[in-house]
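Dear colleague,

Please find below the structure I am handing over to you, followed by an account of what was found in it.

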Amino acid sequence: MAKTEIISLDAAARTEFGKGAARRTRRAGNIPAVIYGPGFEPVHVSVENIAFTKVVRNHGINAVLDLDIEGEKELVMIKSVYQNPLTLEIDHADLLKIKRGEKVEVEIPVVTAGEPAPNTMMHVETETLRILSDVLSIPEEIVVDVTDKAVGDQVLASDMPLPEGAELIDDPELLIVNFMVPEVADLGETDEEEGEEGAAEAAPAAEAGEE
């Protein structure tokens with residue numbers, strides 16, 4: 001399994017809290033964040049907006065950071081980010097303190113590969129899967145092969161190909177991908193029926209015009 005890339009990032013300690021302090025932090029071009037973890041006193045920091053946003057854009061949630069807080073190092077994972085609903089800029093971030101060798105609960109995007117059988121519509125019911133993974137071996141995505149899957153087939157959480165050493169947290173019966181009869185077939189029949197009805201209605205009108 002590929003090792004997770006550890007990204008170095010600078011941070012600064014925050015001593016002011018509250019909405020006003022957070023706004024000042026953002027106006028200065030930084031993002032307020034909190035480092036937390038079991039048995040760990042939360043630490044309030046700020047990270048440079050552009051650099052942190054680039055990490056999220058390129059590596060997503062679950063990215064592992066070697067955070068340099070004014071000379072003191074902390075190994076953390078991006079657990080969640082909160083965006084401004086209007087600007088979509090990151091307003092705040094939660095960072096989980098981690099240790100090498102431990103396992104963490106993460107949500108991994110589900111990606112399909114291949115094409116189902118002809119006349120089969122595929123619908124992804126669950127877009128992420130919760131697993132327990134080594135903190136330095138977190139997969140960016142979990143790929144499931146749907147080649148030649150036919151109507152009536154299903155992919156459950158228990159069918160997903162997990163990375164070596166990872167454990168499933170979600171219900172094994174959770175529906176991930178469903179394969180159904182294409183809806184376009186029904187739409188086509190409806191269109192034909194409407195066309196026939198329209199022609200039948202038009203016929204009397206045409207006859208009346210001829211009279």
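The model is a predicted one. I begin with helix α2, which spans residues 49-59 and whose buried residues are Asn49, Phe52, Thr53, Val55 and Val56. These residues lie on the same side of α2, because the arc they cover around the axis is only 155°. Ile50, Lys54 and Arg57, on the other side of the helix, are exposed.

Just after α2 comes glycine 60, whose phi is positive, at about 75°.

I turn next to the nonpolar cores. The largest of them has 24 residues, and the members that touch the most others are Ile98, Val104, Leu129, Met160 and Ile176. Two or more residues of this core come from each of β5, β7 (103-113), β9 (128-134), β10 (142-145) and β13 (175-180). Strand β7 supplies the largest share, with 4 residues. Another core, of 21 residues, lies apart from this one, and its members include Ile7, Val45, Val56 and Val76. Val56 is also one of the buried residues of α2.

Leaving aside residues up to four places away in sequence, its contacts include Val106, Ile108 and Val110, together with Ile142, Ala157, Met160, Leu162, Leu168 and Ile176. Two further residues that leucine 129 touches are Glu107 and Asp170.

Strands β7 and β9 run antiparallel and are joined by 7 bridges. Valine 104, for instance, has serine 133 in β9 as its bridge partner; valine 104 is also among the members of the largest core that touch the most others.

Two loop residues have a positive phi without being glycine. Leucine 88 has a phi near 65° and is found in the loop between β5 and β6. It is exposed, with a relative accessible area of 56%. Asparagine 119 has a phi of about 60°, and its place is the loop between β7 and β8 (121-124). Asparagine 119 is likewise exposed, with a relative accessible area of 67%.

Finally, some totals for the chain. It contains 3 helices and 13 strands, and 35% of its 211 residues count as buried. Of the contacts between residues at least 6 apart in sequence, 62% join residues at least 24 apart. The accessible surface comes to about 12700 Å², and carbon and sulfur atoms account for 50% of it.

With kind regards

Note on methods:
Residues are numbered from 1 along each chain as its sequence is written. This is a predicted model: local features need pLDDT of at least 70, side-chain atom pairs count only at pLDDT 80 or more; totals for chains, interfaces and linings use all residues. Side-chain values use heavy atoms; hydrogens and water are left out. Buried means under 20% relative accessible area, exposed over 50%, partly exposed in between (1.4 Å probe, protein chains only). The arc is that of the directions from the helix axis to the C-beta atoms. A nonpolar core is a set of buried Ala, Val, Leu, Ile, Met, Phe, Trp, Tyr and Cys residues joined through side-chain atoms within 4.5 Å. Contact means heavy atoms within 4.5 Å. Two strands pair if DSSP finds at least two bridges between them. Accessible areas come from the Shrake-Rupley method with a 1.4 Å probe; for residues, only the protein chains shown count as cover.
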